[in-house]
Number of protein chains: 2
Amino acid sequence: MPETTPRPSLTERRKAATQQEIALAAAMLFAEHGPEATTAEDIARAAGLSLRTFYRYFRTKEDAVAPLLSAGVRYWIDELAATPAELPLTEALEQSARRALAPGPGRPAQALDWIRGLLRVMADAPDLLAVWHRVHHASELALTPVIAPRTDADPLETRLAAAAANTAMRVALETWAASDAPATEAAGLAARCLRELTAGLKV
Amino acid sequence: MPETTPRPSLTERRKAATQQEIALAAAMLFAEHGPEATTAEDIARAAGLSLRTFYRYFRTKEDAVAPLLSAGVRYWIDELAATPAELPLTEALEQSARRALAPGPGRPAQALDWIRGLLRVMADAPDLLAVWHRVHHASELALTPVIAPRTDADPLETRLAAAAANTAMRVALETWAASDAPATEAAGLAARCLRELTAGLKV
DNA sequence: GCCCAGATGGCACGTTGTGCCACTTCTGCA
DNA sequence: TGCAGAAGTGGCACAACGTGCCATCTGGGC
């Protein structure tokens, strides 16, 4: 079977697993007691490693949930990159968003639930909110080169398009998370936000 | 002379002055040595107060420059709120942006220069970048109620419009800051970004 | 001039995040 | 299979961060 990736090397896989374990432990503790009441040591203990090692995986305790928060947009950008180049950008954005937010292979069904749980405790946790914004800033930068070959706009317009699309996705996720809608509705909401934004603002 | 504000009370004005002094001291130190190499005590000393008092004005050392970073969008929202209601939203956004970024009464001419200086050291200062994003998140929320009465769109569309307009302003400021263009060009760039975004994405 | 509210400073303390070193585990090569 | 180098892990010490608490001082109202 043809593997595109050379092969993740046992150690690499362990590190990835550890990172994921830390992320889940942190998300669980954050959701239960709030980030303020959770110390880095709590997370380390819950993940079964020393405090020193925890800080080798993440720069701050809030960063620990970044992999969970970025899952949605990560899938989205991957899907967009895999979309046939003939498709108009507008449709490509919508279609990839729908696919990214639907459960599928390699997409843990609870990914959206983690995001919702974390977004809900962010209201009184500025440092955690900062992670959410950092994630979307990163995805804005990652989106630009993916969009660029699909448009003939100049660099500034391309950057704007990436930023706008990214904003639409963020607003969709925040709106969904604030509601009680089931995870299945997130994809539709994201598609709608993208459509409205690419069509232009109402006067 | 009719004053709209009841009158800021000597103590209030002192506090505001102190806050501004801290902000300027922090921006100066951040720009010169980088935020990493600047301790909260350095800022406190430069502003002529104790460390304990510093933390009564700002939650973290990076927060100290938030007043400077938010100046631009603050002016913008104020101008927008003061724009005649008959003006179509698209034009109101552009016009108020132009006014906000042009030097004028109550608008320190160097405001944009501080933003540029700070944005340039943000590349390797995640905590400072977080403040930039927090400022724009706040302005996104502040923009929504100002836009709402000028449109008949539903709440989600209104929120999207605010988020998009806000994103346009942010991209404009970041683009201007990354360039060597004089401060006078920022207004035009912002207007252009707003126009392109409100018109809709190119396919 | 007196008094209360609030601003300030000093101190102690828990938490954060990092440098350094010793130890263990994995990986590659013979 | 065995051995040497590389890499992950943990413990310790330490500077910086951010806050609760209390004592002191300033300033505005009666």
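Biologist: Which residues are the closest to DNA strand C, and how many residues surround DNA strand C?

Modeller: 18 residues surround DNA strand C, and the closest are A:Leu10, A:Thr60, B:Leu49, B:Ser50 and B:Thr53. A residue counts as near a strand if its C-beta atom, placed from the backbone, lies within 6 Å of it. This is a predicted model: local features need pLDDT of at least 70, side-chain atom pairs count only at pLDDT 80 or more, and totals for chains, interfaces and linings use all residues. Residues are numbered from 1 along each chain as its sequence is written, while chains are lettered from A and ligands numbered from 1 in the order in which they are written.

Biologist: Which elements give two or more residues to the surface near DNA strand C?

Modeller: Chain A gives α1 (10-33), α2 (40-47) and α3 (51-57), and chain B gives α1 (10-33) and α3 (51-57). Helices (H or I, at least four residues) and strands (E, at least two) are DSSP runs, numbered from the N terminus. The largest share, 3 residues, comes from α3(B). By class, this surface has 4 nonpolar, 8 polar and 6 charged residues. Ala, Val, Leu, Ile, Met, Phe, Trp, Tyr, Cys and Pro count as nonpolar, Asp, Glu, Lys and Arg as charged, and the others, Gly among them, as polar.

Biologist: How many residues surround DNA strand D?

Modeller: 17 residues surround DNA strand D; the closest are A:Ser50, A:Thr53, B:Leu10, B:Thr39 and B:Thr60. Here α3(A) gives the largest share, 3 residues. The classes are 4 nonpolar, 7 polar and 6 charged.

Biologist: What relates chain A to chain B?

Modeller: Two copies of a chain are related by a rotation about an axis and a shift along it. Here a rotation of 180 degrees with 0.0 Å of shift superposes chain A on chain B, with RMSD 0.0 Å. The two copies are thus related as by a two-fold rotation axis. Copies are superposed by least squares on the C-alpha atoms of residues with pLDDT of at least 70 in both. Of the residues of chain A, A:Gly200 comes closest to the axis, at 1.8 Å (C-alpha).

Biologist: At what angle do α10(A) and α8(B) pack?

Modeller: Two packed helices are described by the angle between their axes and the distance between the axes. For α10(A) and helix α8 (residues 155-178) of chain B, the angle is about 60 degrees and the axes are 11 Å apart. Axes are lines fitted to C-alpha atoms, for helices over the stretch in contact, and angles run from 0 to 180 degrees between N-to-C directions. These two helices are therefore oblique to each other. Angles under 35 degrees count as roughly parallel, over 145 as roughly antiparallel, 65 to 115 as roughly perpendicular and the rest as oblique.

Biologist: Which residues make the contact?

Modeller: A:Cys193, A:Glu196 and A:Leu197 of α10(A) meet B:Glu157, B:Leu160 and B:Ala164 of α8(B). They divide into 4 nonpolar, no polar and 2 charged.

Methods. Contact = placed C-beta atoms within 7 Å.
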